[in-house]
Amino acid sequence: MTDTAAPISQPKAPAGWLGRLEGSAWWIVLGLAGLLLPLLEDSYIGVIAQRAYIYWVLSAGLNLVVGYAGQIAIGWVSMLTLGAYTTAALAAGRVGPEWHPFLALAAGGVMGAVAGVVVGLPALRLRTFYFAMTTLGFSTIVTQVALAWKDVTGGGVGTPGPVFPWPFDPGWGFYYFCFFLAALATWMTANIGASRYGRALVAIRDAEVAAEASGVSKARLLILVFMLAGALGGVAGGLFASLQSYITPDAFTFEMSVLFFIAILIGGRGSILGPALATIILTALPEFAAPLVQWSTFLYATLLLVIVLVIPGGIADLLDFRNRRPLEKHREIVTRPELLARVLDRHSEKNTLSMTGIELHFGGVRAIDGLDLEVRSGEVHGLIGPNGSGKTTALNVLSGYYKPHAGEARLNGAVLPFLEAHTRADRRIARTFQTPRIVGGASVLDNVMIGGTIFGQATFSETLLSLPRHRRDEAHLREAALLALATVGLEQLAAVRADRLQHSELRFMEIARALMLRPAFLMLDEPAAGLSAEEIRRLGALIVAISRSGTGVLLIEHHADLIFDICDRVTVLNLGKKLAAGTPAEIRSHREVVSAYLGA
Ligand code: ADP
Ligand code: MG
């Protein structure tokens with residue numbers, strides 16, 4: 001018997017605040033360069049650097065929207081415009097009495113936050129290009145209003161930007177102010193990026209259904225992130241107005257918007273360092289090659305094309321040396337079911353998850369045609385049937401992805417709502433997917449940690465500032481994820497990027513993610529597909545152990561041996577209807593089932 005208290009080996013993943021800023025050496029170099037740059041006493045370079053910092057304050061927030069959440073917000077220059085005019089107009093006393101520049105700057109941030117939400121709301125409904133168009137439309141509207149509303153903005157003539165008082169007065173004082181705010185934006189967005197919020201954003205981008213199944217509420221999260229990105233854009237605008245010393249609507253060009261957006265793609269989606277470096281490069285590049293200024297948009301576009309074609313992962317991928325080390329070729333998945341006692345809650349009470357009279361058709365296809373099914377705590381319930389018989393659809397109904405045309409689903413007698421997939425996690429109903437839904441660019445550990453999202457306590461603002469509750473959340477989630485990974489035999493791969501794993505490893509990784517929910521019910525959609533005979537044997541033992549610890553398991557499978565070995569009860573589907581149900585022994589001797597699937 002293996003010792004259940006055996007230590008779980010820790011992956012060599014960076015930890016602590018420096019580790020969270022991936023590639024800490026780069027940040028130290030950037031930070032020192034920024035701090036020491038004034039020693040050059042070159043005010044021209046100083047201005048370029050200030051512009052890069054200001055752009056990065058905006059892009060840092062936009063990075064969460066575009067790079068993390070995958071939303072195509074190309075018109076984000078509107079936040080810069082709004083922030084600039086709000087700060088400038090208030091500081092100049094164009095609206096009521098003159099505001100102190102710092103207060104005016106804060107107001108610019110608030111204005112950006114509000115606008116961020118307004119622009120972001122359509123993202124909850126509109127897909128990709130349509131959303132991109134709304135952000136562009138919004139930036140056009142903002143520019144037009146700036147032109148027309150002469151009292152406040154000075155129209156085409158423009159208005160002076162705010163002048164910040166000592167010690168942040170124009171020159172190197174203001175330089176350090178911009179530097180400090182850029183550093184702050186980096187730190188805050190890195191905190192979000194390396195939190196359950198950041199992981200959820202990336203999951204929304206790459207594996208939305210898995211994010212929902214883990215209890216991520218997309219709408220709430222996106223709104224928070226749009227608000228943050230808007231606020232940072234607004235603050236950047238206030239700084240920009242001060243740097244320009246005089247602003248007119250044509251200072252806010254479409255090229256700038258393109259720069260912000262492309263810097264993130266060139267930098268690498270889901271990274272903070274990459275987009276920061278790319279923003280600096282794209283800001284400085286046209287300056288040092290003066291003739292190129294005219295061509296900057298063309299240049300950006302070409303750079304983007306090259307990057308997309310040659311290194312799709314962007315700069316972040318280039319710098320990711322850790323994931324270029326070869327993995328051991330012959331890896332074995334050695335599951336450790338004995339660890340389950342520490343992974344799962346013990347459910348001593350008897351729970352039932354059931355569906356009755358479910359009917360669901362897709363157009364003319366009767367995917368499910370009157371199905372009753374009940375899964376109980378501590379049992380493995382097999383669901384078998386030929387391809388297209390409605391197994392996955394049944395699971396999707398239980399998980400709340402579909403609303404059936406008739407029938408209902410219940411948990412312990414209480415009706416489960418449909419079309420609210422993200423609420424299943426709170427009820428401790430976990431699942432895996434027939435095709436693994438994973439975040440390929442994130443580490444295995446991060447992928448598994450997504451599964452524990454609902455157990456985080458820290459609010460978005462606490463996370464932003466890395467307050468103790470956030471750090472406690474991370475420590476707990478990390479520990480739980482390592483334990484879940486050890487249980488499924490993958491802890492050695494914790495730090496590896498998930499898209500480097502073999503198919504069978506991904507299946508086990510999904511199970512680890514589902515276990516993070518400490519599920520009362522676990523639904524597995526063909527977990528043995530693509531596994532070797534030995535892996536299937538270990539999977540079977542793991543599933544049995546999961547059920548013995550009190551979790552009810554619904555197992556969709558094609559491997560008849562596995563089903564008959566480990567199931568307590570089996571339901572056979574055909575054309576959306578129940579063909580037979582009973583113990584494995586009953587099913588094995590059921591004449592129709594035998595003749596249809598099992599062979600004589
Ligand atoms: P199984 O998992 O048993 O192989 P499914 O539940 O995936 O079967 O599919 C059952 C039937 O419903 C199939 O005929 C399939 O083509 C159809 N179907 C499943 N999902 C959809 C969908 N989203 N839109 C249209 N038809 C679907
Ligand atoms: Mg299926």
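Ser 466 sits in the loop between helix H19 (460–464) and H20, and it has a positive phi of about 50° despite not being a glycine. Helices here are DSSP runs of H or I with at least four residues and strands are runs of E with at least two, numbered from the N terminus. This is a predicted model, where local features need pLDDT of at least 70 and side-chain atom pairs count only at pLDDT 80 or more, while totals for chains, interfaces and linings use all residues. Residues are numbered from 1 along each chain as its sequence is written, and side-chain values use heavy atoms, with hydrogens and water left out.

**Backbone**
- The peptide bond from Trp 166 to Pro 167 is cis, with omega near 5°.
- Pro 167 belongs to the loop between strand E1 (159–160) and helix H8 (172–193).

**Salt bridges**
- The count is 25 salt bridges (a Lys or Arg side-chain nitrogen within 4 Å of an Asp or Glu carboxyl oxygen).
- One of them joins Glu 474 and Arg 199, at 2.9 Å from N to O.
- Glu 474 is in helix H20 (residues 468–488) and Arg 199 in helix H9 (residues 196–206), so this pair ties together parts 275 residues apart in sequence.

**Helix packing**
- H21 (residues 503–515) and H22 (residues 533–548) pack at about 10°, with axes 12 Å apart; axes are lines fitted to C-alpha atoms over the stretch in contact, and angles run from 0 to 180 degrees between N-to-C directions.
- The two helices, H21 and H22, are therefore roughly parallel (angles under 35 degrees).
- Contact (heavy atoms within 4.5 Å) involves Ser 504, Phe 508, Ile 511 and Leu 515 of H21, and Glu 535, Leu 539, Leu 542 and Ile 546 of H22.

**Surface**
- Ile 28, Leu 32, Leu 35, Leu 36, Leu 39 and Tyr 176 form a nonpolar surface patch with about 580 Å² of accessible area together (Shrake-Rupley, 1.4 Å probe, only the protein chains shown counting as cover).
- Such patches take residues with over 30% relative accessible area and no salt bridge, joining nonpolar side chains (Val, Leu, Ile, Met, Phe, Trp, Tyr) within 5 Å.
- Helix H2 (residues 24–36) gives the most to the nonpolar patch, with four residues.

Note on methods:
Chains lettered and ligands numbered in written order. Parallel < 35°, antiparallel > 145°, perpendicular 65-115°, else oblique. Patch = residues over 30% accessible without salt bridge, like charges linked within 9 Å, V, L, I, M, F, W, Y side chains within 5 Å.
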